[in-house]
Amino acid sequence: MFTRLVLIVLCISLLITCNRTTGEKEGDACEQNELSFQQHLIADSVEFLWAHYPADITGDKLADLVFISNNAHGGYLGYFEGSRDNTLWERHIIAETSPNGGTFASGDLECADADFDGDVDLFAVEHTGEWEAASEKSGLYWYENPGWEAHFIGISPNFVKDLSLADFNGDHKMDVAVLTYENSSLSVFQQVGKDDWEKVLYLENYKNVHEGMGVGDVNGDGFWDIVANAHVFYNPRGDLKAVWNTENIDKKWNTQEGDWSRNATKIFLRDINKDGKAEVFISHSERSGYPLSLYMQNQHGEWEENRITDSIPACHTLQVYDFDLDGDFDVLAGINRSRALNIGITSFEVTIFLSDSNYQKWTPFIIQENGIYNGQVADFEQDGDWDIFRYPSHDSVNVYLLKNQVIE
């Protein structure tokens, strides 16, 4: 009987251990699991890599990692070229300086096919750096692939916290939404031509808008809407100069008081019910004591909160993908290690919350215990499963790729 008990305990221990990819070792993985990840170091000696985004910009069927270096003090625009080898990825510089001779810096960077010509372009921001002069104006550019010709979009009033790309008016040209913190502003720039962009929406001092923006069709009318700090900005059906009606999903995300960390969120929109209407996921990126929540509209159009977990501090990563390929969307969320330490938190889990089919029950699956900042998800090698780009904290010098092992 005692022997059987020992064997049961050992088996349980093995299962628990294999639910995690811990430490910073190369090739960490638990092959016994249906869902597991192998971690590989892809870049070192980086500086404040806050703005980074995975995309296959080289066209070789592997995701590269586009980035702005040194977003705290201003840096260059570049990318790490994806590789199947478990070695450091080659670093390439796209632009040392902007067309005006300035540095690049922002809290976000996005890639998309701006001109719908079949390749991936990138959107970047000229600024002196958030820790240098956050109140200074930002220059918005998109860089055309191939060749990386710079095209000017417009000016944002200060340091850019978030960029979101969408064809907001349905004319088959990519438009861009921009969120800033210093004056709580939201802007939308509509693309008329490659070098012809018009600011069609500008709101400032808007009810504590700070950080956290996502785009999607919230009301199912066929046009993409904007969600920022739990405020929904409804697209006026493509006439972008018309009034964008607004709705506040939950005031706890945009009525906070105190220092710079107030009203800082991460937002992700996903049509999880596949009914043409996007649901809204929200976390607090800087403070503790706030939940990780999913907001869904009921049959009366009222927003209802489903708490995925009651509290997750400094949750600066929020991504929604079907990681275990069971047909339901799961949530990747994680703690910014350095910010957590600043507010007295000493654990830094990176967790995938696995959903049930009704999105009412969430099972935490810890994949890392050393933090993640602005984590990004992509199918790195186009093998059908979702991989994770992990930057442990806002001041880390290393970047890792966590390869999903669901598909061998």
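Glutamate 279 is found in strand β19, which covers residues 279-284. In this predicted model, glutamate 279 is buried, because its relative accessible area is 5% and the cut-off for buried is under 20%.

**The whole chain**

The chain has three helices and 28 strands. Its length is 408 residues. How does the radius of gyration agree with that of a compact globule? A compact globule of 408 residues would have a radius of gyration near 22 Å. The chain has 21 Å, which agrees. Along the principal axes, the C-alpha atoms fill a box of roughly 75 × 50 × 40 Å.

Buried residues make up 59% of the chain. Now take the contacts between residues at least 6 apart in sequence. Of these, 49% join residues at least 24 apart.

The chain exposes about 16,600 Å². Carbon and sulfur atoms supply 48% of that area. The charges are counted by side chain: 28 are positive and 68 are negative. The centres of the two sets lie 6 Å apart.

**Confidence**

The mean pLDDT of the chain is 92. A pLDDT of 70 or more is reached by 92% of the residues. Where does pLDDT stay under 50? One such stretch is residues 1-22. For residues 1-22, the model has 24 contacts beyond four places in sequence. Over residues 28-33 the pLDDT is also below 50. That stretch has 18 contacts in the model beyond near neighbours in sequence.

**The loop between β8 and β9**

Strand β8 spans residues 138-144, and β9 spans 149-156. Proline 146 lies in the loop between them. The peptide bond from asparagine 145 to proline 146 is cis, with omega near 0 degrees. Most peptide bonds are trans.

Tryptophan 148 is found in the loop between β8 and β9 too. What does tryptophan 148 touch, not counting residues up to four places away in sequence? Its contacts are Ile57, Ile94, Val120, Leu122 and Tyr143. Leucine 122 is 26 residues from tryptophan 148 along the chain. Their C-alpha atoms are separated by 8.8 Å.

**Positive phi angles**

Most residues other than glycine have a negative phi. Phenylalanine 116 has a positive phi of about 55 degrees, although it is not a glycine. Phenylalanine 116 sits in the loop between β6 (110-112) and β7 (121-126). Its relative accessibility is 40%, so phenylalanine 116 counts as partly exposed.

Asparagine 205 is a residue other than glycine with a positive phi, near 50 degrees. Its place is in the loop between β13 (196-203) and β14 (213-216). Is asparagine 205 buried or exposed? Asparagine 205 counts as exposed, because its relative accessibility is 57% and the cut-off for exposed is over 50%.

**Two further loop residues**

Proline 392 lies in the loop between β27 (387-390) and β28 (399-404). At 8% relative accessibility, proline 392 counts as buried. Its contacts, not counting residues up to four places away in sequence, include Ile335, Asn336 and Arg337. Proline 392 also touches Asn370, Gly371, Ile372 and Tyr373. Asn398 and Tyr400 complete the list. Asparagine 336 is 56 residues from proline 392 along the chain. The C-alpha atoms of these two residues are separated by 6.7 Å.

Glutamine 360 lies in the loop between β24 (350-355) and β25 (362-368). Glutamine 360 is exposed, with a relative accessible area of 54%. How far apart are glutamine 360 and aspartate 44 in space, C-alpha to C-alpha? They are 40 Å apart, and 316 residues apart in sequence.

The table collects the pairs.

| Residue pair | Separation in sequence | C-alpha to C-alpha distance |
|---|---|---|
| Tryptophan 148 and leucine 122 | 26 residues | 8.8 Å |
| Proline 392 and asparagine 336 | 56 residues | 6.7 Å |
| Glutamine 360 and aspartate 44 | 316 residues | 40 Å |

Conventions: Residues numbered from 1 in each chain as written. Predicted model: local features only at pLDDT ≥ 70, side-chain atom pairs only at ≥ 80, totals over all residues. Heavy atoms only, no water. Helix = DSSP H or I, 4+ residues; strand = E, 2+ residues; numbered from the N terminus. Rg over C-alpha atoms; globule rule 2.2 N^0.38 Å. Buried < 20%, exposed > 50% of the residue type's maximum accessible area, 1.4 Å probe, protein only. Contact = heavy atoms within 4.5 Å. Areas by Shrake-Rupley, 256 points an atom, 1.4 Å probe, with all protein chains shown as cover. Lys, Arg positive; Asp, Glu negative; His and termini not counted. Charge placed at Lys NZ, Arg CZ, Asp CG, Glu CD. pLDDT = per-residue confidence, 0-100.
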